[in-house]
Amino acid sequence: MGERLTVGEICTREVTFADKDTNLVTAAQLMRRDHVGALVVVDHLNGERKVSGLLTDRDIVTCVIAQGIDPGPLFVEDIMSAPVITVQEDDSLIDLMRTMRTNGIRRVPVVNEKQDLVGLVTLDDVLRLLGQEFGLLVAAIDKSTQREVKRRP
């Protein structure tokens, strides 16, 4: 990692995605298969994946299951969130956290300069990274304290 931590360095590059016309039950099965809570919905243009929506397990539960609607005839497009806020892979960690806070979102697709999907970053990813960084800072404090104890007469 460089001095300026970027979203591209912390995002998950293997993203589970679906098309708008994916059956909702199939989408749920994709989530289960890959152990993910969200699918990035994409449009395929010239061999590239352009972000067009986001579908979460919560969307399926609150919009369909909890309302007693049969998911069988539904498609991802019927309940996905759109438009979706994305971040650039070269955005900073601070920019990402500001975007998440401002928009009240926990999952953010990551795109390159051509707006092609390259990853997904979640609040869990950010918290895991910050936890590791705080651990390193605590270790520095402990080491400093140990040096002080050794210097005492």
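A contact means heavy atoms within 4.5 Å.

**Figure 1. The whole chain, a predicted model.** Among contacts between residues at least 6 apart in sequence, 57% join residues at least 24 apart. The chain holds six helices and six strands. Helices (H or I, at least four residues) and strands (E, at least two) are DSSP runs, numbered from the N terminus. From that terminus on, the elements run α-β-α-β-β-α-α-β-α-β-β-α. Of the 153 residues, 35% count as buried. Buried means under 20% relative accessible area, exposed over 50%, and partly exposed in between (1.4 Å probe, protein chains only). The accessible surface comes to about 9,700 Å², of which 52% belongs to carbon and sulfur atoms. Accessible areas come from the Shrake-Rupley method with a 1.4 Å probe; for residues, only the protein chains shown count as cover.

Residues are numbered from 1 along each chain as its sequence is written, and side-chain values use heavy atoms, with hydrogens and water left out. In this predicted model, local features need pLDDT of at least 70, side-chain atom pairs count only at pLDDT 80 or more, and totals for chains, interfaces and linings use all residues.

Figure 2. An α-helix has 3.6 residues a turn, so residues three or four places apart point the same way.

Figure 3. At the start of H2, a side-chain oxygen of Asn23 reaches to within 2.8 Å of the backbone nitrogen of Val25. Just after H2, His35 takes a positive phi of about 55°.

**Figure 4. The open sheet of E1, E2 and E3.** The three strands stand in the order E1-E2-E3, with mixed pairing. E1 and E3 are the edge strands: each pairs on one side only. The twist averages 40° from one strand to the next. Axes are lines fitted to C-alpha atoms (for helices, over the stretch in contact), and angles run from 0 to 180 degrees between N-to-C directions. Two strands pair if DSSP finds at least two bridges between them.

**Figure 5. The hairpin of E2 and E3.** E2 and E3 run antiparallel and are joined by eight bridges. Leu39 has Leu55 in E3 as its bridge partner. His44 stands opposite Arg49 in E3. Two residues lie between the strands of this hairpin, where Asn46 takes a positive phi near 50°.

**Figure 6. A second open sheet, in the order E4-E5-E6.** Its three strands also show mixed pairing. Which strands are at the edges? They are E4 (87-88) and E6, and each pairs on one side only. E5 (residues 107-111) runs antiparallel to E6, and five bridges join them. Val108 stands opposite Val121 in E6.

**Figure 7. Thr122 in strand E6 (residues 117-122).** Is Thr122 buried or exposed? Thr122 is buried, because its relative accessible area is 17%. Not counting residues up to four places away in sequence, Thr122 touches Met100, Arg106 and Arg107.

Methods. Polar contact = N/O pair within 3.5 Å; in protein donor to acceptor, adjacent residues only side chain to side chain.
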